[in-house]
Amino acid sequence: MTAFEKTPGWLDWYAGPSRPGFRLPEGAVDAHCHVFGPGTEFPYAPERKYTPCDASKDQLFALRDHLGFSRNVVVQATCHGADNTAMVDALRASGGLARGVATLRPDVTDAEVRELHEAGVRGVRFNFVRRLVDAAPRQDLLDIVGKIAPYGWHVVVYFEAADLPDLRDLFLSIPVPLVIDHMGRPDTAKDPEGPDFEAFLNLLRARPDIWCKVTCPERLTVSGPPALDGERAAYRDVVPFARRVVEEFPDRVLWGTDWPHPNLTDHMPDDGLLVDFVPHIAPTPELRRKLLVDNPTRLYWPDGH
Ligand SMILES: O=C(O)c1cc(C(=O)O)oc(=O)c1
């Protein structure tokens with residue numbers, strides 16, 4: 001099989017990350033990360049919008065152990081389209097230490113959903129970010145929800161803040177739990193107490209089964225220092241946004257590294273220093289335990305194993 005050529009300007013994940021200064025609690029879950037290929041074994045999808053560097057399951061598991069996480073939730077990356085093979089291969093190799101979130105087409109069969117479930121998939125991802133995917137008809141999404149609902153899965157949604165007004169009714173019509181990627185991508189140059197972020201918090205207030213990943217400060221930052229060169233208080237401008245969510249919804253927030261950080265153009269964070277972001281947004285041991293251990297375990301390992 002031929003090797004793939006990376007998108008020009010692609011930043012590879014950070015090799016040799018620091019050890020976090022913040023010691024993760026026992027049982028912590030990296031609840032948002034990806035695997036990419038390797039492309040020679042798991043080819044990237046023809047419809048992809050970018051071609052990444054490879055980021056294998058073994059490299060992901062090595063990072064997990066280095067940072068001090070116990071488990072991973074591997075989210076299907078758009079560069080693999082609806083071919084979940086690489087993600088499922090990672091779940092199967094993890095010995096129960098990884099769950100997954102898949103991308104599905106509306107013609108997926110019940111047997112296929114069951115097989116994904118048996119491999120450890122617990123959610124389907126709907127992506128509304130136009131630079132990553134072509135728009136899917138809303139009826140297709142609702143048809144997929146009908147197929148996953150019997151398995152107790154949730155829907156993960158990725159969208160940008162400017163699109164929330166158009167998407168809100170669709171989201172509220174989805175009759176299974178929702179998990180929002182990357183805090184709904186707020187514009188962090190704006191006021192965390194202002195109307196835009198309030199509209200986002202109002203979505204979370206609308207239903208008790210809407211969860212939020214307080215992830216990706218490295219994408220959302222405008223002015224904060226990056227997690228590089230020993231900086232253990234990185235991305236300070238994102239902290240007030242994430243902290244508001246953690247403090248108002250302590251029982252339905254999740255955190256993850258987003259390794260290998262697709263499509264960053266400015267810098268690639270040192271994942272050890274990125275973990276040191278967590279105590280800034282979850283200032284007490286109890287909030288940290290909920291964010292890193294209790295919440296993801298309840299959502300992805302409800303039986304505890
Ligand atoms: O902002 C992004 O570029 C991005 C892309 C993907 C993906 O391609 O799946 O996933 C993410 O969580 C974030």
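Gly224 sits in the loop between α7 (217-220) and α8 (239-248). Helices here are DSSP runs of H or I, at least four residues long, and strands are E runs of at least two, numbered from the N terminus. This is a predicted model: local features need pLDDT of at least 70, side-chain atom pairs count only at pLDDT 80 or more, and totals for chains, interfaces and linings use all residues. Residues are numbered from 1 along each chain as its sequence is written.

**Gly224**
- Gly224 counts as partly exposed because it has 19 C-beta neighbours inside 10 Å; buried takes 20 or more, exposed 12 or fewer, with C-beta atoms placed from the backbone.
- Leaving out residues up to four places away in sequence, Gly224 touches Ala234, Tyr235, Arg236, Asp237 and Val238. Contact means C-beta atoms within 7 Å.
- His182 is 42 residues from Gly224 along the chain, and their C-alpha atoms are 17 Å apart.

**Domain**
- UniProt, in an unreviewed entry, places "domain: Amidohydrolase-related" at residues 29-300; such annotations may be inferred rather than shown by experiment.
- Residues 29-300 are 38% helix and 13% strand, with end C-alpha atoms 10 Å apart.

**Core**
- The largest nonpolar core holds 80 residues. A core joins buried Ala, Val, Leu, Ile, Met, Phe, Trp, Tyr and Cys residues through C-beta atoms within 7 Å.
- Val74, Val124, Val157, Val214 and Ala242 have the most contacts inside this core.
- Beyond four places in sequence, the contacts of Val124 include Val101, Leu104, Ile144 and Trp153.

**Ligand**
- Residues around the ligand (C-beta within 6 Å) include Cys79, Asp181, Arg219 and Asp258.

Definitions and conventions:
Two residues are in contact if their C-beta atoms, placed from the backbone, lie within 7 Å.
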